[in-house]
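Here is a short briefing on one structure. Keep the sequence and the 3D view open while you read.

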Amino acid sequence: MSSVLPPNPFQTLRFGFSPCPNDTYIFHALLHGLVAAPAALRPHMADVEELNSLAQKGQLEVTKLSLGAVAEVMDNYALLSSGAALGWGCGPLVVARKGMSPEEWKNVTVAVPGLLTTANLLLTLHGGFQGARQEMLFSDVMPAVARGEADMGLVIHEGRFTYEKLGLTKILDLGQWWESEFHLPLPLGAIAVRRDVPLALARRVQGAITASLAHANAHPDASHEYIRSHAQEMDANVTRAHIKTFVTDFSLDLGAAGRSAIEHLVQRAAKLAGKNLPVEGLFLR
């Protein structure tokens, strides 16, 4: 009998995250050896909609996900309690070149930053926007609206701080709508681990992300150049506002309130897709 052990497929973990300041802030220490890594990490930095698509194919062992995509991948991925973008006052915005009444919203064309994004899910759940949706990269949404190529745009990430520079007007804050409708913090994105990753390793990944964010909070200037090198918006004030808005106490640990908010949103997404939540639950146990 051979004594050679089979190769361990999880010695290296493909790790997907976005170039947005909240992600680069959270993961800087982990990716730069400032906290212990659970395994060798192979970073894959990409727009969140690309990460959503890769998760649909199961190509990443660990990845950032839009909550809008979770219903599509929840049988193959479990959510971690650390690294999430979830909070109050952080919702996507609907913008246009001029103000419009709710009656005018119904049939307009809306540029959206991906059909699997949480922003697009919220637009659907709101129910007031029933016209065509033009899918494009998030950074192309506001310019497309400013040029008149779409009636409205669904704005995420840094766009909530910069849309006025393009002469655009806020039509609706979907975060405010969610909070007033459901009295819950708004979950936008979370970190997911593929369910075939061994449980002990998955828990170490979760702990490493917590440690990475704790390091960032203790040394907030250490990641400045890394964040700046990948940010869409170069204004330091915008970057600081972005991190303050999207990195919250829920990012360290979802806790009961964060888990409840995520379950509420994903249940609604699953209902739209005609699916049930997995019997093992949404979260890593």
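How many residues does helix α9 have, and what distance does it reach from its first C-alpha to its last? Helix α9 (residues 199-218) has 20 residues and reaches 29 Å, close to the 28 Å expected at 1.5 Å a residue. The model is predicted. The points below start with this helix, then turn to a sheet, the salt bridges and some single residues.

**Helix α9 and its cover**

- Buried residues of α9 include L201, A202, V205, Q206 and A208.
- I209, S212, L213, H215 and A216 are also buried in α9.
- Strands β1 (12-17), β3 and β11 (186-194) are among the elements that cover these buried residues.
- Helices α1 and α12 (249-252) are part of that cover too.

**The five-stranded sheet**

- Five strands form an open sheet in the order β8-β7-β9-β6-β10, and their pairing is mixed.
- The edges are β8 (133-135) and β10 (169-173); each has a single partner strand, so one side of each lacks a neighbour in the sheet.
- From one strand to the next, the twist averages 30°.
- β6 (residues 93-96) pairs with β10 in the antiparallel sense, over four bridges.
- Opposite L93 stands D173 in β10.
- Helix α6 (residues 138-146) lies across β6, β7 (110-112) and β9 (152-155).
- The angle between α6 and β9 is about 160°.

- R160 sits in helix α7 (residues 159-162).
- Is R160 buried or exposed? Its relative accessibility is 17%, so R160 counts as buried, the cut-off being under 20%.
- R160 forms a salt bridge with D173, with 3.8 Å between the closest N and O atoms.
- This pair links distant parts of the chain, 13 residues apart: R160 is in helix α7 and D173 in strand β10.
- R160 and D173 are both buried.
- The R160 side chain also reaches the backbone oxygen of G91, at 2.4 Å.
- Beyond its neighbours within four places in sequence, R160 is in contact with G89, C90, G91, L93, V155, D173, T245 and F246.

**Other salt bridges**

- The count of salt bridges comes to nine.
- D23 and K64 meet through their side chains in one of them, at 2.7 Å from N to O.
- D23 lies in helix α1 (residues 21-31) and K64 in strand β3 (residues 62-66), so this pair ties together parts that are 41 residues apart in sequence.
- D23 and K64 are buried.
- E103 and K106 also meet in a salt bridge, at 3.6 Å from N to O.
- E103 is exposed, because its relative accessible area is 55% and the cut-off for exposed is over 50%.
- K106 has 35% relative accessibility, so K106 counts as partly exposed.
- A network of salt bridges links R14, E61, R194 and D196.

**Two histidines with positive phi**

- Which value does phi of H157 take? Phi of H157 is near 55°, which is positive in a residue other than glycine.
- H157 is placed in the loop between β9 and α7.
- With 16% relative accessibility, H157 counts as buried.
- H183 is not a glycine either, and has a positive phi of about 55°.
- The loop between α8 (174-182) and β11 holds H183.
- H183 is exposed, with a relative accessible area of 63%.

**L65 in strand β3**

- Where is L65 found? L65 is in strand β3.
- L65 has 1% relative accessibility, so L65 counts as buried.
- Not counting residues up to four places away in sequence, L65 touches V48, L51, N52, A55, V70 and V73, among others.
- L188, G189, A190 and A192 are also touched by L65.
- From C-alpha to C-alpha, L65 and H224 are 24 Å apart in space, and the two are 159 residues apart in sequence.

Technical notes: Residues are numbered from 1 along each chain as its sequence is written. This is a predicted model: local features need pLDDT of at least 70, side-chain atom pairs count only at pLDDT 80 or more; totals for chains, interfaces and linings use all residues. Side-chain values use heavy atoms; hydrogens and water are left out. Two strands pair if DSSP finds at least two bridges between them. Axes are lines fitted to C-alpha atoms, for helices over the stretch in contact, and angles run from 0 to 180 degrees between N-to-C directions. Contact means heavy atoms within 4.5 Å. Buried means under 20% relative accessible area, exposed over 50%, partly exposed in between (1.4 Å probe, protein chains only). A polar contact is a pair of N or O atoms within 3.5 Å; within protein, one must be able to donate a hydrogen and the other to accept it, and residues adjacent in sequence count only if both atoms are side-chain atoms. A salt bridge is a side-chain nitrogen of Lys or Arg within 4 Å of a carboxyl oxygen of Asp or Glu. The expected span of a helix is 1.5 Å times one less than its number of residues.
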